[in-house]
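Dear colleague,

I am handing over the structure we spoke of, with the sequence alongside. Please have it open while you read my notes.

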Amino acid sequence: VVVQLPPKLLEWCGGGSDIRLYCKGADSAVLPKLADGLPSGDHTLDALKEALDLWAALALRTLVWAYREIPTDEWQGWHLAYRAAAEDAMEVTRFKAGGPSAIGRMQVELERGLKLQGGSAIEDKLQDGVPETLQDLRAAGMAIWILTGDKVGTAKNIASGESDGSKASEDPTPQRIRSLSGSEASADPKPQRIRSLSGSEA
């Protein structure tokens with residue numbers, strides 16, 4: 001999301017550009033977009049990765065948070081070009097079909113050089129009856145595919161039914177869990193107006 005900070009909040013944040021891009025998502029999508037060059041001896045990123053792996057092993061849902069200051073001249077040029085692409089019917093069709101498009105390229109262009117803010121984890125238990133249903137299906141010899149945007153460690157625990165504290169059934173059949181990495185795009189390519197935190201539109 002792109003926001004425009006009101007003057008008082010900008011001052012509280014230490015100044016800089018009042019136009020900010022804030023991103024959240026899976027570590028596999030956000031971490032590759034971070035700016036290079038952490039200060040020498042800074043182990044923040046290593047500590048975050050360790051924490052994410054630990055949280056995933058506990059079947060917690062994890063997110064990574066980052067941001068970037070966008071210079072006004074860069075934003076103005078980008079926004080005009082993005083609006084033009086979003087109003088092009090062919091580009092919208094390509095974008096919705098998942099193919100190469102100007103909309104997708106411009107989203108990637110903006111989401112670069114991010115600064116790491118941190119990570120979070122929440123408990124998100126399976127709905128009642130889901131672990132038992134998974135166990136019954138496995139006991140019946142049925143193959144089960146679970147599509148999730150979680151980390152691999154979280155996906156393993158969800159698939160085994162451990163996210164609610166139950167034990168996985170003893171199944172000698174090896175489970176294949178694949179990690180599909182890639183950036184996520186908004187389902188709506190239409191440009192959004194910048195809203196300042198004071199409520200006015202830019």
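What follows is a description of the model, from the whole chain down to single residues.

This is a predicted model, in which local features need a pLDDT of at least 70 and side-chain atom pairs count only at pLDDT 80 or more, while totals for chains, interfaces and linings use all residues. Residues are numbered from 1 along each chain as its sequence is written, and side-chain values use heavy atoms, with hydrogens and water left out.

On confidence, the mean pLDDT of the protein is 78, and 72% of its residues reach 70 or more, pLDDT being the predictor's confidence in each residue on a scale from 0 to 100. Over residues 164-202, however, the pLDDT is below 50, although this stretch has 54 contacts in the model beyond near neighbours in sequence, a contact meaning heavy atoms within 4.5 Å.

As to the fold, the protein has eight helices and five strands, which follow one another from the N terminus as β-α-β-α-α-β-α-α-α-β-α-α-β; these elements are DSSP runs, numbered from the N terminus, with helices being H or I of at least four residues and strands E of at least two. Among contacts between residues at least 6 apart in sequence, 71% join residues at least 24 apart. Of the 202 residues, 31% count as buried, where buried means under 20% relative accessible area, exposed over 50%, and partly exposed in between, with a 1.4 Å probe and protein chains only. The protein exposes about 13,400 Å², of which carbon and sulfur atoms supply 53%; accessible areas come from the Shrake-Rupley method with a 1.4 Å probe, and for residues only the protein chains shown count as cover.

Turning to the strands, β2 (residues 19-25) is mostly covered, since five of its seven residues are buried. Strand β1 (residues 2-4) pairs with β2 in the antiparallel sense over three bridges, and the bridge partner of V3 in β2 is R20; two strands pair if DSSP finds at least two bridges between them. Strand β2 is also joined to β3 (residues 61-69) by six bridges, again in an antiparallel arrangement, with K24 standing opposite W65 in β3.

Strand β3 also holds T62, which is buried, with a relative accessible area of 12%. Leaving aside residues up to four places away in sequence, T62 touches L52, W55, A56, S120, A121 and K151.

Which residues form one aromatic cluster? They are W75, W78 and Y82. Rings of Phe, Tyr and Trp (its six-membered ring) pair if their centres lie within 6.5 Å, and planes under 30 degrees apart count as stacked, over 60 as edge-to-face and the rest as tilted; by this rule the count comes to three aromatic pairs. One of them is the stacked pair of W75 and W78, at 5.4 Å centre to centre and with 25° between the planes. Because they are three residues apart in helix α4 (residues 72-86), W75 and W78 are separated by about one helical turn. W75 is buried, with a relative accessible area of 8%, and W78 is buried too, at 10%. W78 also forms a stacked pair with Y82, at 4.6 Å centre to centre and with 10° between the planes. W78 and Y82 are four residues apart in helix α4, and therefore also separated by about one helical turn, and Y82 is buried, as is W78.

With best regards
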